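Here is a briefing on a two-chain model. It covers domains, interfaces and sheets in turn.

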Amino acid sequence: MSDYNFAYLDEQTKRMIRRAILKGLAIPGYQVPFASREMPMPYGWGTGGVQVSAAVLTPDDTFKVIDQGADDTTNAVSIRRFFQKTAGVAVTEATSQASVIQTRHRIPEEALRDDQIIVYQVPIPEPLRFLEPSEVETRKMHALEEYGLMHVKLYEDISQHGDIATAYAYPVKVEGRYVMDPSPIPKFDNPKLEMSGIQLFGAGREQRIYAIPPYTKVVSLDFDDYPFQPTKADHACDLCGAPDSYLDELIVDDVGGRMFMCSDTDYCATRRKQGHVGAQGMPYEEDAA
Amino acid sequence: MTPLLQVENIAKFYGARIGCTDVSFDLYPGEVMGIVGESGSGKSTLLNCLAGHMTPDRGAVRFDTRAEGLRDTITMSEPERRMLGRTDWAFVHQHARDGLRMNVSAGGNVGERLMAVNARHYGDIRAEAIDWLGRVEITEDRIDDRPTAFSGGMQQRLQIARNLVTRPRLVFMDEPTGGLDVSVQARLLDLLRGLVREMNLSAIIVTHDLAVVRLLADRLMVMKDGHVIETGLTDQVLDDPQHAYTQLLVSSVLQV
């Protein structure tokens, strides 16, 4: 452990990031600029999330990383190893045992408690970016609460697709003030943004940190006649039989065979251990690969 | 009767050079004022100062707000000024692409100002957009097309619909017919004249085209080198110009 400072970043950098986090928590949904550091991974792999995690981790923490809900993908495994090596913290795949969870594109199915922190990796923090390319203008729009443009995007969706087709990174209004991009989580997860845990968002390339404190009101934007609807595949998990979890669709052969399974691997495994079996699943066995 | 817009001694300098200076006038509800002059005479600078796009160095621009009567728009707070900019004011740019969102459909362009003042019912917004596209002679089946698929004249008409949908009381127009060919210009002018009369709009039109002001404007202001050199009723100024420069301007128009 003499090779690195605890959790890779130097203490001055962590102080700077913590200040940004505290400011973000004080102004829910507001994008706080911070001096993002060069990290030993490419932009787009979670440099923002890693810096936020590094700033909040303590030696007593238990760390969990998920990527699209899964604990065992390249991105999740490498970030988990990174903190095992540089911070020596305990790691887990179980949502309930983790004190800090770094995530890409999902919120765990299991509700978080008020002693847990979830850190999101954010590619583009500005929800208005694709409609208004000027940063000066978007900052002014946030400052003056001019959010009509956000609805123009939803209008375009309905006029082109007959419904609000935005399925991920669905814009939300936080505590009646700031419109925020919840990172590319599926809109199925949007209702979970009102939670008891602390939610921190880090965008490394764009150098922004924002946050949602516990028990904050988060409303998904919509029209009166086209209300917000969280969507998922109309199916139950084929492995654990869960009817209410967010599903991945998997093509299993070249004759049209497919299966749906929970995107949250920990949730699925826990249910299978409890004896739940889905339509194509087999009873859970220890060490079954 | 209170004027809708009261302009007092507006001056704008670019360093030592004069943008425009000593401009004062009153604009009453329903009145259309033309500002003519050659390129570089300060007419666009003046328009931008009046519309809040630029801060003048001197003077006051008082607008008769619905809630509080005459207020100086230069000293009012930026949120208030921007609110005016998307409710009671409208700004028609010379180039439609400056005033439109080119990657948003025609319906979305018209609906944006409605959504900016908290319209949240898709059906209502769309119905209103269809109504306004109809008023500027764009057929309903083009509502989901992007402005990039429109001709120059259609883009300009779309820009006008997008601006008038919140029923503003004052419209600023910067060369609204510039860059359009004459037959399209004639149609656009016809349309504008109809809308101005029908909605009892007040407008300030900046142009170098005397035919445009002849058709649309009640009053005329002639500018040269940042100064107003002649004002009066449009027909009076054009038929009996007093200032040597105005005489030159009027006689420079090509007769077919």
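How much area do chain B and chain A bury between them? About 1900 Å², with 56% of it on carbon and sulfur atoms. Buried area is the accessible area (1.4 Å probe) that two parts lose on being put together, summed over both.

This is a predicted model: local features need pLDDT of at least 70, side-chain atom pairs count only at pLDDT 80 or more, and totals for chains, interfaces and linings use all residues. Residues are numbered from 1 along each chain as its sequence is written, chains are lettered from A and ligands numbered from 1 in the order in which they are written, and side-chain values use heavy atoms, with hydrogens and water left out.

**Chain B against chain A**

- The contact involves 22 residues of chain B and 22 residues of chain A; contact means heavy atoms within 4.5 Å.
- Arg82(B), Arg120(B) and Tyr122(B) supply 38% of the area that chain B buries against chain A, more than any other three residues.
- The rule finds 5 salt bridges across this interface. A salt bridge is a side-chain nitrogen of Lys or Arg within 4 Å of a carboxyl oxygen of Asp or Glu.
- Arg82(B) forms a salt bridge with Glu137(A), with the closest N and O atoms 3.0 Å apart.
- There are also 14 residue pairs in polar contact across the interface of chain B and chain A, both residues at pLDDT 80 or more. A polar contact is a pair of N or O atoms within 3.5 Å; within protein, one must be able to donate a hydrogen and the other to accept it, and residues adjacent in sequence count only if both atoms are side-chain atoms.
- Helix H2 (78-86), helix H4 (106-116) and helix H5 (122-135) of chain B each supply at least two residues of the side that touches chain A. H4(B) gives the most, with 5 residues. Helices (H or I, at least four residues) and strands (E, at least two) are DSSP runs, numbered from the N terminus.
- By class, that side of chain B has 7 nonpolar, 6 polar and 9 charged residues. Ala, Val, Leu, Ile, Met, Phe, Trp, Tyr, Cys and Pro count as nonpolar, Asp, Glu, Lys and Arg as charged, and the others, Gly among them, as polar.

**Domains of chain A**

- Chain A is divided into domain 1 (11-125 + 170-216), domain 2 (128-168) and domain 3 (231-280). The bounds come from an automatic or database domain assignment.
- The C-alpha centres of domain 1 and domain 2 of chain A lie 24 Å apart.
- Between domain 1 and domain 2 of chain A, about 1200 Å² is buried, and carbon and sulfur atoms give 57% of it.
- In domain 1 of chain A, Tyr170(A), Arg177(A) and Val179(A) lose the most area to domain 2, together 41% of what that side buries.
- The rule finds 3 salt bridges across the interface of domain 1 and domain 2 of chain A.
- Glu145(A) and Arg177(A) meet through their side chains in a salt bridge (3.6 Å, N to O).
- The side of domain 1 of chain A that touches domain 2 has 8 nonpolar, 2 polar and 4 charged residues.

**Strands**

- In chain A, 7 strands form an open sheet in the order E1-E9-E8-E5-E4-E2-E3, with mixed pairing. Two strands pair if DSSP finds at least two bridges between them.
- Strand E1 (32-33) and strand E3 (90-91) of chain A are the edge strands, and each pairs on one side only.
- Strands E4 (residues 100-104) and E5 (residues 117-121) of chain A run parallel and are joined by 4 bridges. Thr103(A) stands opposite Tyr120(A) in E5(A).
- In chain B, strand E9 (residues 219-224) and strand E10 (residues 227-233) pair in the antiparallel sense over 6 bridges. Met223(B) stands opposite Val228(B) in E10(B).
- E9(B) and E10(B) form a hairpin with 2 residues between them, and Asp225(B) in the turn has a positive phi of about 50 degrees.

**Arg71(B)**

- Arg71(B) is in strand E5 (residues 69-72) of chain B.
- The side chain of Arg71(B) makes a polar contact of 3.5 Å with that of Glu68(B) and one of 3.1 Å with that of Glu80(B).
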